[in-house]
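Open the model in your viewer and keep the selection tool at hand.

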Amino acid sequence: MGNFLRQRVFSRYLALFSVTLPLASCMGLGHRMMHPDVTGYSNAITETQKMQLLHAMLERRYGNLPTFVNVTQIISGHSAQQTAQLSLAGTAAHIKLENKGFRKGAGPEYSDNGPAITGKLGYEFTDKSTLSYQPILGQKYISNLVHPMPVSTVMPLFLGGIPIDILLRLSMRWVGDISNVRAGKFAGSVRFYLLLEDLRKLQEVGAISVTLEENGKEEAKVFLLFNATSEGDIEQVQREVKRLLHLSPDVKKVEIIQAAHPETEGQVAVLTNSALSMLGQVAAGIEVPKKDIEQGLVPRTVDERSVTRRPLIIVHCSTTAPYDAYVALPFRGSVYWIDDKDFESKQAFNLLKVLCNLATVEGADSKNQDKKSAESRIPTTTISKKTGKISVKAPAGD
């Protein structure tokens, strides 16, 4: 009978263990949620930024001003509580033997008042997520999106290995007297694309570089360096770049300034794009439905193949997008998308995203300007020590 009781106790332990085992596996939930949370939010932000940028390009294509919304804060919290309780109580089995009237073949009577096993299981899970968004509006919209981007912001991207032809094609309106303005049927100057081709060749072999020189409180100065080389064909390309930029054949270092004309010898004057003008120039080459052009909703598509081999970013327009499109967005009854197999378009699209992010993030300079602007709007109060008279001077411009 002892074996019988042990079997019953073991079976009860086994049943409770089989129930509590899955609960025990949920212990340590925090680190298990970290990977799906981080990768999930990262992928969501990336896809949202891609769709927001494509939407901004299409808004500019149709003559509208896009609105940018930045994700400023993500707070995600999880709490999990698990409870598992096991109790064992009771007395040993009671065996009752009846000596009187014991009949042959009859066994003893017993009652099972043995161990009593009880269990308690509990589980509670809470998921709280908070997302904060901030649109770019008012003065910040003008200063960040309408004003041209500083040369000291654009050119350091060259140091990170960004192809200089894509960088200048996006960020520059004029380089010296060479135009990159695309409007109407005009797709830019052929000389501009020849300059980009030569600069890309020099970049690939390390024959040019860019350096920044800090100058105290003023904006950093940007210089283009022509590195020494022993290869004759590379020297020829360097001379051609200098000719296009109207530089001396012997010059090794030139300053890049943001101006319509160089101030002194040994400078290259450039005019940069703003974030909105970058979007507008790229959007000019997006194909749109023919009926929208006929109805005057949008100008004709600029065909850049008249001056270069292909558009910078090829955006397709159709009724549906491929399932594996790099980015796709429904807009005005059509679907616009970029092919995932078009590496050149993806590369330029991502650089455009970087430049727009640089423009839409408020920097230290704009903060200082806002602070000065706010201080200039504060009235000045003066109290005379002699007479005790109080005078209030209104801020300038009020």
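In which strand does Thr272 lie? Select residues 267-272: this is strand 10, and Thr272 lies in it. Helices (H or I, at least four residues) and strands (E, at least two) are DSSP runs, numbered from the N terminus. This is a predicted model, in which local features need pLDDT of at least 70, side-chain atom pairs count only at pLDDT 80 or more, and totals for chains, interfaces and linings use all residues. Residues are numbered from 1 along each chain as its sequence is written, and side-chain values use heavy atoms, with hydrogens and water left out.

Stay on Thr272. Thr272 counts as buried because its relative accessibility is 2% (buried means under 20% relative accessible area, with a 1.4 Å probe and protein chains only).

Next, show the side chain of Thr272. It reaches the backbone oxygen of Met149 at 2.6 Å. A polar contact of 3.3 Å links it to the side chain of Gln258 (a pair of N or O atoms within 3.5 Å; within protein, one must be able to donate a hydrogen and the other to accept it, and residues adjacent in sequence count only if both atoms are side-chain atoms).

Now select the largest cavity, with a volume of about 140 Å³ (a set of points on a 1 Å grid over the protein atoms alone where a 1.4 Å probe fits but cannot get out; lining residues have an atom within 4 Å of a point; points are joined across faces, edges and corners, and the volume is the space filled by probe spheres set on them). Of its 13 lining residues, Leu168, Val175, Leu224, Ile256 and Val268 are the closest to the centre. Strand 10 is among the elements that each supply at least two lining residues.

Key. Buried < 20%, exposed > 50% of the residue type's maximum accessible area, 1.4 Å probe, protein only. 1 Å grid on protein atoms, 1.4 Å probe; cavity = no way out; pocket = protein on both sides within 12 Å on 5 of 7 lines; lining within 4 Å.
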